[in-house]
Amino acid sequence: MPQMIFVNLPVKDLETSKTFWSKLGYSFNEQFSDERTACLVISDTIFVMLLTEPRFKDFTKKEIADAARTTEAIFALSADSRERVDQLCDAALASGGSAANDPQDYGTMYGRSFQDPDHHLWEVMWMDPAVVEGQG
């Protein structure tokens, strides 16, 4: 069985977060969701547990980072084309997200970034398959 990752993120409004990610084309695993938690499916092995702040607080003794003021992490997603990078980031901006950093275009690598409604930072990157495979 391949190793899986479950990233846990605090959110202020669960329905707003679910709507945002749904508009980007992602789905949720209802088996691991309830009125305080939504299991966002990124891939067969990558999931983001969107937890209301009170629920998130059940798992830590630390303060929850204010992502509007500080960066707690940057989450990077791969894309299979430059066009997919633009589609995903444009959808994020049209769905309540905001721009984070300037686009990065290195010819063989292209990326853009956005902030979700809770100000978590997301990067979407495409890399030329020939370069990834060591042929570029």
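**Close-up views of a predicted model**

**View 1. T37 and L51 at the pairing of β3 with β4.** In this predicted model, T37 is found opposite L51 of strand β4. T37 belongs to strand β3, which spans residues 37–41. Strands β3 and β4 pair through five bridges, and the sense of the pairing is antiparallel. The two strands make up a hairpin, with four residues lying between them.

**View 2. Strand β4 beside strand β1.** Strand β1 covers residues 5–11 and is joined to β4 by seven bridges. These two strands run parallel. One of the bridges links I5 to its partner I46 in β4.

**View 3. The surroundings of strand β4.** Strand β4 takes in residues 46–52. Of its seven residues, six are buried, so the strand is largely enclosed by the rest of the structure. Its pairing with β1 is parallel, whereas its pairing with β3 is antiparallel.

View 4. Helix α3 comprises residues 82–94, and β6 comprises residues 98–99. S95 sits in the loop between these two elements. S95 counts as buried because its relative accessibility is 17%, and the cut-off for buried is under 20%.

**View 5. Contacts of S95.** A polar atom in the side chain of S95 is 2.7 Å from the backbone oxygen of A91. Leaving aside residues up to four places away in sequence, S95 touches F20, K23 and L24.

Definitions and conventions: Residues are numbered from 1 along each chain as its sequence is written. This is a predicted model: local features need pLDDT of at least 70, side-chain atom pairs count only at pLDDT 80 or more; totals for chains, interfaces and linings use all residues. Side-chain values use heavy atoms; hydrogens and water are left out. Buried means under 20% relative accessible area, exposed over 50%, partly exposed in between (1.4 Å probe, protein chains only). A polar contact is a pair of N or O atoms within 3.5 Å; within protein, one must be able to donate a hydrogen and the other to accept it, and residues adjacent in sequence count only if both atoms are side-chain atoms. Contact means heavy atoms within 4.5 Å. Two strands pair if DSSP finds at least two bridges between them.
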